[in-house]
Structures are given as C-alpha cells and as structure tokens.
Amino acid sequence: MRSNDSATATVTIAVSTPDTAGQDTPTAAATPARGTLVSRGALLAALGVAAFSLTFPATAWALEGMGPWTVVMLRSVLAAVLAGGALTVFRVRLPERRHWTGIAVVAGGVVLGFPLLTTLALQTSTTSHAAVVIGLLPLTTAAFSAVRTGARPSRTFWIASLVGAVVVIGFAVQQSGGAPGRSDLLLFAALLVCAAGYTEGGRLARHMPGWQVIGWALVLALPVTVAGAAVALSTEPLRLTAHAIGGLLWLATGSQFLGMVAWYRGMAAIGIHKASQLQLAQPLLTLVWSVLLLGEQLPPAAPAASLAVLACIAVTQRSRG
C-alpha cells in the first residue's frame, strides 16, 4: 500500500462521456476495465462481509473474560496501533481538511458507536438473534447513501432490498416472540450509527485508499478509546482465557481494521448501495459461526430465510442504477 494509491485506481480509460447525473459513463472500449473493477470490488466487499460475520461470535468469546466497555475500548486501541503503524510506515500525509468531518462520522459510527451498542446488546441477546436484527443494515445503508451521496438505485433494487429486509424482520420477530426487548433497541440504534459510518466511509474511499479511511478514524478516536480502556480495566473484571484473547484479537484485526479495509475499497468500486446489499448474507454467515463456534442451536427457519435472502442479493447485484 502506498500513500498515493487511489481507492478506485483502474486501467486508464481513454474516452468517456458524462451522463445526465454528472458521472462518467464508460464507452465500449472501457467496458472490460470497468467489468474488472466491478468484479474486484464485489470480491473485496464480500471479503469484508465474511470478516464482519465473525464479529458477534468473537464478541461473545471476548465477553467470557472481559466487561463490555473493556472489549470495545481495547479492540479499538489495538486496531489503532495497527493502523497507526501502517500510516507511519508508509508515510501517509494527513487527510485534507475537508475530509475530517467525514472521518469523524466514521469514527463515531464504526469505531465507537456500533461496537459499543452491539456489545451491550450481546449481554442479553444471543449472537444468532442479534445477527438477524442487524440484517436490516443493508437497507439502512442504502437509504443513507441515497440521501448523502445522491445515489438513485433502480426500482428493482429497492423492491429486492425491501423483500430481503422483510424476510429478516419476519425472522427476527418469529425468534423474539413478537416483542422487541432492550437488546433489540440497542441493535436498532447500532443500525443507524453504523449505516452513517459506512456511507461516509464509502464516500471517502473515492478520495483516499480504504485502509486510510478506517486508519485515520481509529487514530482520531484514540484519545477516547485509550482513556476509556484505562477506566474500563480499572472497574470491570478481567479474566484472560483463550476465548477472550482470541475473540479480542479478531475484533481488533479482522473486524475493526482488515475487514473495514476490504469493505471500504469494495464500496468505492461498486457503489455504496450495491455493496451494502451483500451484507444481507452476513446474518446467515453469523448463524453458521454461532453454531460452529458457540454451540447455539440453528433456528429451523434459517435455511428458508437463507435462500430467500440470497435470491434478493442476486437481484440487487444485477439491477441497474
């Protein structure tokens, strides 16, 4: 990675014509390069989703030996050390002043808000239930993207997204007995702050490499997370088990940094709204990890929900707009 890398760097396109939305529309000669970019972007976004799917099981492991505030603050501090080291080694210059507001939104949403709210929710919720509720994140992110970036997905896209969301909501209601609890409210709040962070990070990744977006967000939040970690370690119990250490290390390296690097690069390549819909697969992957790693019982409706959601993903990825 080099500081002057572009998040959307591709083969040079000689000719392009502006469309009515003010964006470049590639000519026939540019189509192969664009196709390669889209394929690569979809793969990167999918890798990010795969990394995120382990977040809740890893959090459950970490909570076996640490308090919720300790987990959240330590994961961010460790990830910031990793990101700060990379920024230093590659001598990355400070972002332009106009980008710092967006970086602050990323820090508040995906570095602090989402991890804290979901970790608190997992104290009283199973990972499988939490994963399904968070399945609303793709639709929430697409809505934020439409407002923030002016993206205008097609009607087919929105219909498929809404169907996928309805499947997820129905699954969540069926599992919770129809009455949302405190953990559900925390998860719904997490949806909002995370969608804002994803949208802003995806927008910024068009101006700087994705790893720098999350890297600077982690560094910006470091004063808060270091102070929070010091307070949490002095007030919450700590028992360093293999599960607790392994869960914390994955949260810091996989979920908080490397997964976000792939995710933001993918969003920059294929668009925020399309990348967000790949996350419809995340709850289903988390269900599998919950069974394999935590021994939770897979809900009987999960296979049917999986097929329905995967069908919605296929439609959203093929839709225009």
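**Stop one: a residue on a helix**

Start by selecting Val219, which sits in helix α9, residues 210-235. Keep in mind that this is a predicted model. Is Val219 buried, exposed or partly exposed? Its relative accessible area is 29%, so Val219 counts as partly exposed, since that class runs between the under 20% of buried and the over 50% of exposed.

Now show what surrounds Val219. Leaving out residues up to four places away in sequence, Val219 touches Gly84 and Leu87.

**Stop two: a helix pair**

Next, select helix α2 (residues 55-63) and helix α10 (residues 242-270). Their axes are 7 Å apart and the packing angle is about 145°. The crossing of α2 and α10 is left-handed. On the α2 side, show Thr55, Ala58, Thr59, Trp61 and Ala62; on the α10 side, the contact is made by His243, Ala244, Gly247, Leu248, Trp250, Leu251 and Ser255. Colour that contact by class and you get 7 nonpolar, 5 polar and no charged residues.

**Stop three: annotated spans**

UniProt, in an unreviewed entry, lists several spans as "transmembrane region", among them 128-147 and 156-173. Select residues 128-147: the span is 85% helix and 0% strand, with its end C-alpha atoms 31 Å apart. Then jump to residues 156-173, where the chain is 100% helix and 0% strand and the end C-alpha atoms are 26 Å apart.

Key: Residues numbered from 1 in each chain as written. Predicted model: local features only at pLDDT ≥ 70, side-chain atom pairs only at ≥ 80, totals over all residues. Heavy atoms only, no water. UniProt positions renumbered as here; feature names shortened; annotations may be inferred. Helix = DSSP H or I, 4+ residues; strand = E, 2+ residues; numbered from the N terminus. Axes fitted to C-alpha atoms, helices over the stretch in contact; angles between N-to-C directions. Left-handed = near helix turned anticlockwise from the far one by under 90°. Contact = heavy atoms within 4.5 Å. Nonpolar A, V, L, I, M, F, W, Y, C, P; charged D, E, K, R; others polar. Buried < 20%, exposed > 50% of the residue type's maximum accessible area, 1.4 Å probe, protein only.
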